[in-house]
Amino acid sequence: MKLLGTNTSPYVRKVRLVLLEKNIPHEYVVDPPREPGSLVARVNPLGRIPALILDDETCVFDSTVIAEYADTLNDHPTLIPRSNALELMRVKRWEALADGIMDSAVVVRTESVRPTKNQDADIIIRHNDAITRALAYAAELLGTREWCEGEFITLADLALVSALIYLDLRQGERDWRSAHPNLAAWFVRISERPSVRASHAG
Ligand SMILES: N[C@@H](CCC(=O)N[C@@H](CS)C(=O)NCC(=O)O)C(=O)O
């Protein structure tokens, strides 16, 4: 299978981490959606990354569907709980929280690169506030635990680290580490994982 993406997209990083953690053989292809001739424009009707192309050419999108599909391919590790509805909900809620941070950070980024006179300050403030609240919620939920949910790594951890790496990339001025030292300590630990290191290498 082939994963289409870019190295900056947080949604792509999330599914790359899923594939890497589960050791699922795949080819990672850098394919910026707006570049002329991009493959993703032809295979995903939405024209968005990440897109996973299976061996029979089925195109899987979006990142939540790719993560769920990939998680069923083997059990080592199981990243999305399968039998306990509450545990499943909690992991998926973490993913929604992290994806929401990504969504808002992408909106802020898109708005900020417009010429100043065309920027909508209200949109920027509203989405930055949402990120601030989501980070506080994440820090509270995490507390001093080693993993976001349960006793092992799950999709929750992979989604959250992807969102935080994107914040560091696009909002370097946001000092989330000082505001949430527990998140910062968790981030240091998870960043040492070979999957996270590999996702930085491109
Ligand atoms: N909800 C989607 C979001 C995917 C998304 O918005 N990807 C962006 C890149 S970060 C994209 O491909 N945008 C299209 C473009 O840049 O033209 C997911 O989880 O996969």
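## A word to start with

A residue is called exposed when its relative accessible area is over 50%, and buried when that area is under 20%. With those two words in hand, welcome to this structure, which is a predicted model.

Helix 9 (residues 194-201) shows both words at work. Pro194, Arg197, His200 and Ala201 are exposed on one side of helix 9, while Ser195, Val196 and Ser199 are buried. Seen down the axis of helix 9, the buried residues fall within an arc of 100°, so they line one face of the helix. An α-helix has 3.6 residues a turn, so residues three or four places apart point the same way.

The buried residues of helix 9 pack against helix 1, helix 6 and helix 8 (181-191). After helix 9 comes glycine 202, with a positive phi near 90°.

## Two domains

Let us step back to the chain. Its domain assignment gives domain 1 (2-71) and domain 2 (85-193). The centres of domain 1 and domain 2, taken over C-alpha atoms, are separated by 21 Å. Where the domains meet, 12 residues of domain 1 are in contact with 17 residues of domain 2.

## The nonpolar core

The largest nonpolar core has 57 residues. Which of them touch the most other members? They are Trp94, Leu135, Leu160, Val161, Leu164 and Trp186. Helix 6 (residues 155-170) gives this core its largest share, 11 residues. Domain 1 and domain 2 each supply at least three residues to this core.

Leaving aside residues up to four places away in sequence, valine 161 touches Leu17, Trp186, Phe187, Ile190 and Val196. Val196 is one of the buried residues of helix 9.

In what order do the 4 strands of the open sheet stand? The order is 2-1-3-4, and the pairing is mixed. Strand 2 (27-30) and strand 4 (59-60) are at the edges and have a single partner strand each, so one side of each is left without a neighbour in the sheet.

Strand 1 (residues 2-5) pairs with strand 3 (residues 51-53) in the antiparallel sense, over 3 bridges. Here lysine 2 has isoleucine 53 of strand 3 as its bridge partner. Helix 1 (residues 10-21) lies across strand 1, strand 2 and strand 3, and runs at about 155° to strand 1.

## Details in the loops

Several loops hold backbone features to look for. The peptide bond from isoleucine 49 to proline 50 is cis, with omega near 0°. Proline 50 sits in the loop between helix 2 (40-43) and strand 3. The peptide bond from phenylalanine 61 to aspartate 62 is also cis, with omega near -5°, and aspartate 62 belongs to the loop between strand 4 and helix 3 (63-71).

Two other residues have a positive phi although neither is a glycine. Asparagine 23, with a phi of about 60°, is in the loop between helix 1 and strand 2. Glutamate 57, with a phi of about 80°, is in the loop between strand 3 and strand 4. Are these residues buried or exposed? Asparagine 23 has a relative accessible area of 66% and is exposed; glutamate 57, at 67%, is exposed too.

Terms used
Residues are numbered from 1 along each chain as its sequence is written. This is a predicted model: local features need pLDDT of at least 70, side-chain atom pairs count only at pLDDT 80 or more; totals for chains, interfaces and linings use all residues. Side-chain values use heavy atoms; hydrogens and water are left out. A nonpolar core is a set of buried Ala, Val, Leu, Ile, Met, Phe, Trp, Tyr and Cys residues joined through side-chain atoms within 4.5 Å. Buried means under 20% relative accessible area, exposed over 50%, partly exposed in between (1.4 Å probe, protein chains only). Helices (H or I, at least four residues) and strands (E, at least two) are DSSP runs, numbered from the N terminus. Domain bounds come from an automatic or database domain assignment. Contact means heavy atoms within 4.5 Å. Two strands pair if DSSP finds at least two bridges between them. Axes are lines fitted to C-alpha atoms, for helices over the stretch in contact, and angles run from 0 to 180 degrees between N-to-C directions. The arc is that of the directions from the helix axis to the C-beta atoms.
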